[in-house]
Every structure is written in structure tokens, then in C-alpha cells.
Amino acid sequence: MRDYYTVKVNLPGGIVAPGALQTILTMAHSAHVRTVRFGARQQLLMTVHYEDMRFLEKDLKQQSMPYEVNTESYPNVISSYCGEDVFRAGAWLRESEYHTMLDQFDYGPRLKVNLSDFNQSFTPFFTGNLNFITSPEPHFLYLYIRPKQTNTLFRWPELIYTNDVGRLAKAIEEAMLDEGKQTEAEIYKAVTSGQTFITQPAVKEIDLPEFSLPYYEGFNRYGQRSWLGLYRRDEQFSVAFLLDVCALCLKTRIGELCVTTWKSLIIKGIEEKDRAMWSYVLGKHNINVRHAANELAWQTEDQNEDGANLKNYIIRFFAKNDTRTFGVCFGIQTRPKSEVFGSVLIRKRSLVQIGQVSLFSLYDIYFTENFNPNSRTYRLFEKGLLKLHLPNQLHRLCRKFNAGRIQEGLEPVRQETEKIEPDYKNAPSVHQCPHCFTVYDEQYGDERAGILPGTPFGQLPADYACSTCDAPKQDMNPVQLMTVV
């Protein structure tokens, strides 16, 4: 008999109402669960002792809450909704369209379904079996199909209307899983022979946008409100903390929480008057925010301590050597056929293994075409590395990537036609936040914090904080603005 069970609760599209999450967490707490995780497919994962399992299952069934135990028969439908508004908004895919499509999945899909806005690079395009991606035509989406356990990808010949996404997904699933259809022609014929869908011709392949992972942690302003991103280094969120989050959402009328594919949590719509309450909850549970960006750009397999430990081992090397990783994201694969998202892929190979314990392993490093993680083409960089040598080779690959961006013109390089000398002597001094790069300039003060223009930085109150991310005053560094003569 197993000592512990892994319980999975799908959160369709990565969206969950605070009240619903509160109910699940309350049942988990009663079953002596003290920490939970969020998975790469935006699901809730918890580890439950076998003696408590029957009580949790009873509660879940009473609440008619779908769940799985130690299986992945019904993978979650994931979406890019978590980044909508706060990072980049598409031309037409907004909150109502996301909910329209998600509501159509009133059955448990057995295939992985991705719903993605083309105008974002926060969630992956092609990690699903059925990958719906917005097209330039309003309310129509591309569909790219990847049969299970393959790297083969083919495009559906038509654009699909939003109101037909769920119906088409179910028909394709039945053709592939129940009828055994696998080729593009077989699937298309089986699906369209007995029913019709609203479509438009898809005249060309989709062009992958350049990838850039947004910084998704901490307090960040958008419009007149803020959003809060929460990341945990060990991927563990305490149940007590999340219950306080749910309670505060209900108190301040925040209607939904968003789980990301990076195993983090985003809370949108925080009013300025409520910021202090959110800061209190973070402090109460000792929740740190504003980790380094190179720590956030990683994806490991769900419930995998080996991958998480390897990530932290490499990050320590990156921090020591000040490795630039901007524009790169990393995936660690310790199990064959597992899905991780990354422009750099680290694959572990066990050479000597007894049961489930690996006694000796080597590592291979791959990178995707153009370092775009949405590409399905991997190129080998180094093979057969010892763990000791892995961080330095990744450092070398990052340097190769950065040099390539400059050579290929992917990063703008200033072309100077005449020598420009900076005037340091008369350059004004300002203080800059190292986390979000917001500047405090005494010439302008800080109107939001009630700081009048002309107030020197040294005269700011001891509790002054960055106006964007709430970093403390002592974190801000003096910098000089260059003027050109």
C-alpha cells in the first residue's frame, strides 16, 4: 500500500474562484494537508497520507468536485488568460471569449488542450495535443494537432470559430482515441464526415512571435489597479497562506485567481486602498517576492524534487557568475516523454539505476530553433555531462545566445555617427529601484506617496517604498543620468 497519494484537481484555464479554492483547501486542511503545489498545466496538486485519503475523497465527492488520484487520465485545459490585461492583450481574445470557450468543455477532455492568444509569450503554444491559437480574424482560431507521445505537429486546414472549439475538440478526441485515427487526413475525414463546423480557410502557417518571458512576480501596476504575482522557490504554497489569500479576495471582491504554467499564482484587480492588507498577508506568512528573473524562467516536471533541486543547484552557479539569461527559459526533463517548456532543455539520463533510484546519471543539453521555446525543433549542444560540469556549459550556451542576438540584430544596437561624450560633471543624481527600475527623482518627488517636488532622497521617510513594487527605500541605488554635450 502507498504511504502517500497525489491528488490532482483541474482548474480549467488556470482560473478558479476564491470561494471554490477556499472550499478545496479547507477539505485538504482537514485531511492534514499543509502545503499544495500548482502544476505546469495550471492544476492544483496535493500529497495526502493514505490514512487521510478516504476522508478527503468523501469530502470531494460530496462537493461534486472532479479529481484524480495518482493518474493523469484527464489533463487540464490550459489557457493564456492568466496574462490577459497584465502583460499583453490580444486584438480580440478577452475575458468573455476565454470563458465562452472554456464553458464548452463540459466533459473531461482526455487530450491536452491549450487555448492561447498569439500576442503573448507567457504560456506555451504547442505543449498540448490540441493547440488552439488566435488568428488575425476576430473570433477564429488556428488549430495545431500533436498526437499523444509524439513530436509531430500538423495544422487543421481551417480556422475554427470560438463557439465550436469545444465541440470540435471532442470530435477530434473521439476520432483519435476511440477510432484510432492518427494521420491528418484520417482525423479530418472522421471529424467532418458526420457534422459541420463554422470555419474559415487557413491560408498560411502561423509565424511564431519572438519569445520574451515577462517578469511575473511581486506587486505591479496596470491602469488604476495592481496585480500580484506569487512564486515559491520550492513550488510549495502553504494551505494557511492560500486560505488567507482566498479570504482577502472575498473581502475585497476579487472574483478569480489565476494559476500560471510556471507554477505560480497571479491575483488581478487589487485596488490601491487594499494594498496594505495584501502586504500584511505576505508579511504574516513570510512570503518573499521579487526573486531574480533568472530564477523564474524555469519549468520542472510536476511533483519532482530531483528536477527542483537541480534547478536550484544551477541557479546558485548563475548567481555567483552573474550569468545573463534574459530571453532564455529552461526546462528540466528527468523522465522520458514528460512535457516541459523551455528554449533550453536539460535531459537527465540514468546509466545505473536500482528500482526507482538513480545511482549514476549524465545530462544532455538541447536548445530550440532560434531559442524560441514554442519551436518543436531541438538541437544538441552538449551530451553526456556530469552534474558538476552542467552549470558551466549552460553558462557557455547563454553567452552563445547573447552573442548571437547581437550578431543577428535581434537586439537593437545603437549606430553612432559621431562621438558622444557624457557630461558626468553636471549630471543629476537619482535613485533607482533594482527590482523594477523605477526612478525617484527629487526634481519631481512622488505625488502618490505625498512627497513634494524638490525633496532630496536623504530626507524621505524611513518607511518610504518604491511606488511601483513596494521595495524598501534602502534597496534603491544612486545612479547618474547622462546628459549629452
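Is Arg 94 buried, exposed or partly exposed? Arg 94 counts as partly exposed, because its relative accessible area is 34%. The cut-offs are under 20% for buried, over 50% for exposed and in between for partly exposed, with a 1.4 Å probe and protein chains only. Here are some notes to read beside the structure.

1. **What you are looking at.** This is a predicted model, in which local features need pLDDT of at least 70 and side-chain atom pairs count only at pLDDT 80 or more, while totals for chains, interfaces and linings use all residues. Residues are numbered from 1 along each chain as its sequence is written, and side-chain values use heavy atoms, leaving out hydrogens and water.

2. **Arg 94 and its partner.** Side chains of opposite charge can pair when their charged atoms come close. A salt bridge here is a side-chain nitrogen of Lys or Arg within 4 Å of a carboxyl oxygen of Asp or Glu. Arg 94 makes one with Glu 84, and their closest N and O atoms are 2.8 Å apart. Both residues sit in the loop between strand 6 (78-79) and helix 3 (95-103), ten residues apart. Helices (H or I, at least four residues) and strands (E, at least two) are DSSP runs, numbered from the N terminus. Glu 84 is buried, because its relative accessibility is 5%.

3. **Other salt bridges.** The structure holds 21 salt bridges. In one of them, Asp 364 meets Arg 349 at 2.6 Å, N to O. This pair joins distant parts of the chain, with Asp 364 in strand 21 and Arg 349 in strand 20, 15 residues apart. Asp 364 is buried at 3% relative accessible area, whereas Arg 349 is partly exposed at 29%. There is also a network, in which salt bridges that share partners join Arg 37, Glu 235, Lys 263, Asp 302 and Glu 305. Asp 164 pairs with Arg 167, the closest N and O atoms being 3.2 Å apart. Here Asp 164 is buried, with 7% relative accessible area, and Arg 167 is partly exposed, with 36%.

4. **Aromatic pairs.** A pair of aromatic rings is described by the distance of the centres and the angle of the planes. Rings of Phe, Tyr and Trp (its six-membered ring) pair if their centres lie within 6.5 Å; planes under 30 degrees apart are stacked, over 60 edge-to-face, and the rest tilted. Searching the whole structure gives 23 aromatic pairs. Take Trp 262 and Phe 341: their ring centres are 5.9 Å apart and their planes stand at 65°, so the pair is edge-to-face. Trp 262 lies in the loop between strand 16 (257-259) and strand 17 (265-270), while Phe 341 lies in the loop between strand 19 (330-333) and strand 20 (344-354), 79 residues apart.

5. **A pair between two strands.** Which arrangement do Phe 367 and Phe 381 form? Their aromatic pair is edge-to-face, with 6.5 Å from centre to centre and 75° between the planes. Phe 367 is in strand 21 (residues 357-368) and Phe 381 in strand 22, so the pair ties together parts 14 residues apart in sequence. Phe 367 is buried at 10% relative accessibility, and Phe 381 is buried too, at 15%.

6. **Charges over rings.** A charge sits over a ring if NZ of Lys or CZ of Arg is within 6 Å of the ring centre and within 35 degrees of the ring normal. Lys 170 lies over the face of Tyr 107, 5.2 Å from the ring centre.

7. **Cysteines.** A disulfide is a covalent bond between the sulfur atoms of two cysteines. The rule used here asks for a pair of cysteine sulfur atoms within 2.5 Å, and by this rule the count is zero. For Cys 258, the nearest cysteine sulfur is that of Cys 82, 6.4 Å away. Cys 258 is buried, at 1% relative accessibility. For Cys 398, the nearest cysteine sulfur belongs to Cys 329, 11 Å away. Cys 398 is buried as well, at 3%.
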